[in-house]
Amino acid sequence: MPVFSRFLAIDCPSQLEVAADGGYPGFRVAFSADGEIPFPQVIVRASGRETLLNGNAIQVIASGPERWDYLAEVPAERSPSNRLEVQIEGCRRAEIDQAGGGDWIKAFRSIALQRPAVGGSARPGAAGAHGEPVRAAGQNGDQHGDQQGGQPSVQPGLQPGLQPSGRPAPVQPAIANGAEVKVYFGIHKHMHQPYYNTTDPDAWDGEKDDIFGSRGGNYTDFVPAAVRQYIDGGLPHAGLSTSWSGTLIEQLERCAELGRCGGRFSGWSTALRGMADAKTALGNPRIAFSAFGFYHPLMPLIPHRDIVRNIARHRALIERVFGAEPSRVLFPPETAFHVRMIPALREAGVEAVIYDSIHRFRACKDYPYAGIEEGMLPPNPADQVNPPVDDWLQLHNIWAASKISPSLLRPETVGYEDADGELHTIIAIPAERYIGNEDARGGFGALQYPDVLGQLYQQIVETGNFDPAHPPFFLLHSDGDNHGGGADSYYHHNTGQLVEWLQRDPRFELTTAEDYLQRFPPDPTQIVHIEPGSWAGADNGDPQFMKWFSRYDQPYSPDLNSWAVLTAFQDLVHTLEDSVPEHPALPEAIRLLLTAETSCYWYWTGQTVWDQQVTNAANLGHQRLKGEIDALLAAGRDRRGPTIFPPWIVPENPGGKRWGQGCLLDAPREAVVHSFVADCSGLKRVELVLRSDAGERRLPMTDHGPYRTQTGATLIANYFTAQLPVGAGDIRYYIEAEDQRGNLTRGSLERIFLA
């Protein structure tokens, strides 16, 4: 029976009627091919979210020697977008693990979403069950952190870089500014499993056994296997960076000790330790164990000292388990970065931090905002302080909801000025959002490197934006243990295809971040700003991290409850630590606190098992410390000021735009700052300090009392708000709080434009 070589017909609706709540009905995609498709699948994308159908979700309707007919039933869903992009694809090889980029044939269709009259407001991800993982119909769903894609835009054709015969065409690098134009890139793989019970790190059941057991290769020898191919392929600077959470490592150690997962993890770290000594041409590790937060916290939203402690604990664990010195390059959990993290990162010994590239693009003055399809609101003008660029590029053959700038895809020095006027800087390395998302689907089996990276290369040549001293460098990051980027084929066969391509195409080079920075250090005097935000899979990674503030606009939000509980718990633990640092109850309390800061407990909002985790840890910690804290307060030995949670603003862009049903609406100019503040000694005052060209002014914040908990929390922070002045323009602001003993705390210096 012949395997297919092309699609003969595709039947897909051109439009769908959408309900007032943003829901569109289920529909069918029928397609025919000139032979059997060994691995057919349909991907439906809108505003950065995707539904993947394959396996049993694709039905064979008819088959014959010259035509095979297939049918996919796409389930009903909600979307704020005005259209759906449908990708129909098939692999020509039955052994999918052996497939390369040329073995995939793709076709694309677009479906217009017809909506009723606009009314109400919503934002992407606000409808339905918040944080639900993308699941592939017909197969098991992936765990937390799956990469998500969106809409590609062009029809497939001959693989770029190939002659009609299919043989590699000769490639000659272009010359610019006296040097060969070259694009450098790296690959990062993220490994994580949270503690599924904050009060019992050793909690285990059959579900956990399945989760870990299905990732045997990912947590043992897949990464070394990929790096071995780099070495054998003669790539002098190639390596792979990888982030391993401490919670994952500790659970793997327990698996090995107790024989869990059928003994699969006995000696699990042997291959990784064995490859830890492999070096690049410059003597840097081929496997770079990235600096990371031990408990996978959302670093922009936790205190300075907890960031430092997470990184230090992680560093010690990596050295012990893998026998390797951790990298000084940080991969922040959820790729979540805010410039206010910089002082803590520098104190922790971090020299460079990875961030999602779109947040650098959006911080340019002339950023070409792509509208609702981008999945984020327009950038706030206060973040758009970097000079304009003129090389915006719309990528094709992959989902790219907005344009990218090749000239900005390189490490730069980024800065943060605190409330005292001190400037803190660090090197920032972009992880390219759209190319990385496609790479996460399976490496060379999904991402056609020569074509997609070739588009970037051509734009550099045509615009003349090539600096030999600071050439392009970006990372392609994905989960290293989930579908696509975590598959056996990614690390083995598809990595082999990548190596073969690089051997014959001198325009591109795979390199480690450490080798790149040693060869092309960024200019420390050219300091830029980066908009806050995270990776695309977290509701598109908006600047206020709203994935972790789900239902913030409702009478009760499980996420806000957890932040309020956590803020009070942080204050409790840090107060005792500052007054009685050797107290024997502190080690357990600190572990409970750091565990409670795990970002996953907010990611899956609406599921009691996750919404309760922070409260469970805080209640146990409070029980352990209450007596000592009461004695400390009675003796008047509280030495620290209040704990202030980083503020958020509603609406996000005052006087700009807000979300509507499938559209953008004008946002009110009136805006409110929100925060949680806690202090064991009680609060005396909480003020919002505004700075502008007109000077400094102070506004008292309104105390709404403790946030109304629904999780049985025994301690919880007070909820504060303040009305911002309309039309104040570009301002800087921070929160200042004083407790009843006169201890004072200043929060981080933030920025906002008030139209």
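Arg 551 sits in the loop that runs between β24 (527–528) and α13 (558–579). In this predicted model, its phi is positive, at about 65°, although Arg 551 is not a glycine. Most residues other than glycine have a negative phi, and most peptide bonds are trans. Arg 551 counts as partly exposed because its relative accessibility is 24%, and the buried class ends under 20%.

Glu 334 is placed in the loop between β18 (329–330) and α6 (342–347). With a relative accessibility of 6%, Glu 334 counts as buried.

The bond from Val 650 to Pro 651 is cis, and its omega is near -5°. Pro 651 is found in the loop between β26 (648–650) and β27 (657–659).

Strands β26 and β29 run antiparallel and are joined by three bridges. Strand β25 (residues 643–644) also pairs with β29 in the antiparallel sense, over two bridges; here Thr 643 has Ala 678 of β29 as its bridge partner. Strand β33 (residues 718–723) is joined to β29 by six bridges, and the two run antiparallel. In that pairing, Ser 675 stands opposite Phe 720 in β33.

How many of the residues of strand β29 (residues 672–678) are buried? Seven of its seven residues are, and the strand is mostly covered. In a regular strand the side chains alternate between the two faces of the sheet. In β29, Val 672, His 674, Phe 676 and Ala 678 point one way, while Val 673, Ser 675 and Val 677 point the other way, and all are buried.

Strand β6 (residues 49–54) is another strand with much of its length covered. Five of its six residues are buried, so β6 is largely enclosed by the rest of the structure. Its antiparallel partner is strand β5 (residues 39–46), to which β6 is joined by six bridges. Within this pair, Ala 46 stands opposite Arg 49 in β6.

Strands of a sheet pair through backbone hydrogen bonds, either parallel or antiparallel. This sheet has four strands in the order β1-β4-β8-β7, and the pairing is antiparallel. Its edge strands are β1 (7–11) and β7 (58–63), each of which pairs on one side only. On average, neighbouring strands of this sheet are turned by 20° against each other, direction ignored. Strand β4 (residues 27–33) pairs with strand β8 (residues 68–74) over seven bridges in the antiparallel sense. Across this pairing, Arg 28 stands opposite Glu 73 in β8.

Two helices pack against each other elsewhere in the chain. Helix α3 (residues 246–258) and helix α5 (residues 304–322) meet at an angle of about 35°, and their axes are 10 Å apart. The crossing of α3 and α5 is left-handed. From α3, Gly 246, Ile 249 and Glu 253 take part; from α5, the residues they meet are His 314, Leu 317, Ile 318, Arg 320, Val 321 and Phe 322. The residues of this contact divide into five nonpolar, two polar and two charged.

Two loop residues can be set side by side. Asn 380 lies in the loop between α7 (358–361) and β20 (412–417). Asn 380 is buried, with a relative accessible area of 7%. Leaving aside its neighbours within four places in sequence, Asn 380 is in contact with Glu 652, Asn 653, Pro 654, Ile 752 and Phe 753. The C-alpha atoms of Asn 380 and Gln 503, which are 123 residues apart along the chain, are separated by 43 Å.

Pro 584 lies in the loop between α13 and α14 (586–596). Pro 584 is exposed, with a relative accessible area of 71%. Its C-alpha atom is separated by 39 Å from that of Pro 285, 299 residues apart along the chain.

A word on confidence remains. The protein chain has a mean pLDDT of 91, and 91% of its residues reach 70 or more. Over residues 118–165, however, the pLDDT is below 50, and this stretch has 151 contacts in the model beyond near neighbours in sequence.

Conventions
Residues numbered from 1 in each chain as written. Predicted model: local features only at pLDDT ≥ 70, side-chain atom pairs only at ≥ 80, totals over all residues. Heavy atoms only, no water. Pairing = 2+ DSSP bridges. Axes fitted to C-alpha atoms, helices over the stretch in contact; angles between N-to-C directions. Buried < 20%, exposed > 50% of the residue type's maximum accessible area, 1.4 Å probe, protein only. pLDDT = per-residue confidence, 0-100. Contact = heavy atoms within 4.5 Å. Left-handed = near helix turned anticlockwise from the far one by under 90°. Nonpolar A, V, L, I, M, F, W, Y, C, P; charged D, E, K, R; others polar.
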